[in-house]
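Have a look at the sequence and the 3D view, then read on.

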Amino acid sequence: MPTWHSKHSQRALPHDLSVNPMFAQESKEAIPRFHMRDEGMLPETAYQIIHDEIALDGNARLNLATFVSTWMEPAANRLYTESFDKNMIDKDEYPQTAAIEERCVRILADLWHSPEPQKTLGVSTTGSSEACMLAGLALKRRWQNTRKEQGKSTGQPNIVFSSAVQVVWEKFANYWDVEPRYVNVTEEHPYLDAEGVLNAVDENTIAVVPILGVTYTGLYEPVLEIAKALDDLEERTGLNIPIHVDAASGGFIAPFLQPDLVWDFQIPRVKSINVSGHKYGLVYPGLGWVIWREAEDLPEDLIFRVSYLGGNMPTFALNFSRPGAQVLLQYYNFLRLGREGYYEVQKTCQSVAHFLSGEIRKMEPFHLVTDGSDIPVFAWRLKDNYTGNWNLYDLSRQLRMYGWQVPAYPMPEGMEDTTIMRVVVRNGLSMDLAHLFLMNLKQAVEYLDSLDGAIPHGSKKDNGFHH
Ligand SMILES: *Cc1c(COP(=O)(O)O)cnc(C)c1O
């Protein structure tokens, strides 16, 4: 009696079965999702189940919400396959991977004009989130050490950023007991305003954090202007407040597209900078970097030396084990693209952003908020006097019908009554796809107009917004 008619497990299937056991079995039982089965299954069956399930995920190429790289070229993919087993912490086993990490740190320190790129400190992380935590911890410790030397209290540290800050800084403040002080964005100042900064800081401020590439709009916050305001404050009061630049996106854009913009270690007050390797660094997730201006900007007492993997390696990280392959992919991009290559890729993204934002500006319902001139990210809102019977959440849902993921969301505190829609132009959103997107956007607007209010309004929660 053929086993596939019996109640036997898949293990009992004849090994020479020439049809896919996944689809040729009468389904005996659903695969339990929330507890582990007693019996295993064939590798191909397990593969097929998961492969089929993730086919229901969105199409990464049509996701205009995320900043994170979803494409690398075949040679990079080959390198990834060769190195996915490397553990970044195992610097004794993988000394060359560690050496390459070190080279990437030097390259970034140099790109951002550290006065001592060959000597300063920096590390790779799982993303900007971990990088921001490390930078924040260094700033907090530095402030504590200085206060202790002065015999002053260290009980009430605070940190200053705009209300448009990325959620990681709210986490930092919450997890490490630092009071977050928000300078609200406004219509006139949709970014961190120097005057607002001066009103928020005091002797307990561990740092001010401007963002190079605000998540909501793509704007650069004015680092130099804020630094000058703090220089002035120091002259008047003696308060010396450092700056950390959250350059998660802009750290890989500004050096190529706005080389004359002064935002980095050229400003002495900028003590550390983070960037996401997996955003405009053009590497798969998850990779981030944090670099200190000079070695002494990272307090020595935060560095751990571990010997149990052989050798005696200094580390500053939240994770112990983590993948090392992404670091190699970052170095691959540095070699493969060079400055010219990065310029070409980012310039192309900017051209696509300018094209799309220019066309959207011409569309009747919309008012353009940003056009993609800082990072290649732009946003728009409905005109104040627009009389259509739909909102941007409806439009977001309508675009989803064509496969496009485009988030709509309210601006942060200070502008919370404004709802905007945003497109992140990443490597891979070609001019060709941009034309198709525009066509679908126009169709979606026409369709919503034609309903004349006969639609249920969208929920804010279901907008696919990715920070
Ligand atoms: C994306 C982003 C982060 C978080 O970075 P991850 O690499 O996703 O952890 C932090 N700050 C800003 C400004 C960002 O754009």
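## The protein as a whole

Of the 467 residues in this protein, 52% are buried, where buried means under 20% relative accessible area, exposed means over 50% and partly exposed is in between (1.4 Å probe, protein chains only). Keep in mind that this is a predicted model: local features need pLDDT of at least 70, and side-chain atom pairs count only at pLDDT 80 or more, while totals for chains, interfaces and linings use all residues. Residues are numbered from 1 along each chain as its sequence is written, and side-chain values use heavy atoms, with hydrogens and water left out.

The protein has 12 helices and 13 strands; these are DSSP runs numbered from the N terminus, with helices (H or I) of at least four residues and strands (E) of at least two. Its exposed surface comes to about 22,500 Å², and carbon and sulfur atoms supply 51% of that. Accessible areas come from the Shrake-Rupley method with a 1.4 Å probe, and for residues only the protein chains shown count as cover. Take the contacts (heavy atoms within 4.5 Å) between residues at least 6 apart in sequence: 70% of them join residues at least 24 apart.

## Around the ligand

Which residues are closest to the ligand? They are Ser-129, Asp-246, Ser-276, His-278 and Lys-279, out of 14 residues that surround it; a residue counts as near if one of its heavy atoms lies within 4 Å. By class, that shell holds 3 nonpolar, 9 polar and 2 charged residues. Here Ala, Val, Leu, Ile, Met, Phe, Trp, Tyr, Cys and Pro count as nonpolar, Asp, Glu, Lys and Arg as charged, and the others, Gly among them, as polar.

| Side chain | Distance to a ligand oxygen atom |
|---|---|
| Ser-276 | 2.8 Å |
| His-278 | 2.7 Å |
| Lys-279 | 2.8 Å |

On its own, the ligand has 380 Å² of accessible area, and the protein covers 91% of it.

## Inside the protein

The largest nonpolar core has 61 residues, and Leu-108, Trp-112, Val-208, Val-245 and Trp-263 touch the most other members. Such a core is a set of buried Ala, Val, Leu, Ile, Met, Phe, Trp, Tyr and Cys residues joined through side-chain atoms within 4.5 Å. Helix H10 (325-362) is among the elements that give two or more residues to this core, and H10 supplies the largest share, 9 residues.

Is Glu-101 buried or exposed? Glu-101 is buried, at a relative accessible area of 7%, and sits in helix H4 (residues 95-111). Its side chain makes a polar contact with that of Lys-91 at 2.8 Å. Beyond neighbours within four places in sequence, Glu-101 is in contact with residues including Met-88, Trp-289 and Arg-322.

Most residues other than glycine have a negative phi, and most peptide bonds are trans. The bond from Pro-285 to Gly-286 is cis, with omega near 0 degrees, and Gly-286 lies in the loop between E6 and E7. Asp-177 isn't a glycine, yet has a positive phi of about 55 degrees; Asp-177 is exposed, with a relative accessible area of 64%.

How values were computed
Polar contact = N/O pair within 3.5 Å; in protein donor to acceptor, adjacent residues only side chain to side chain.
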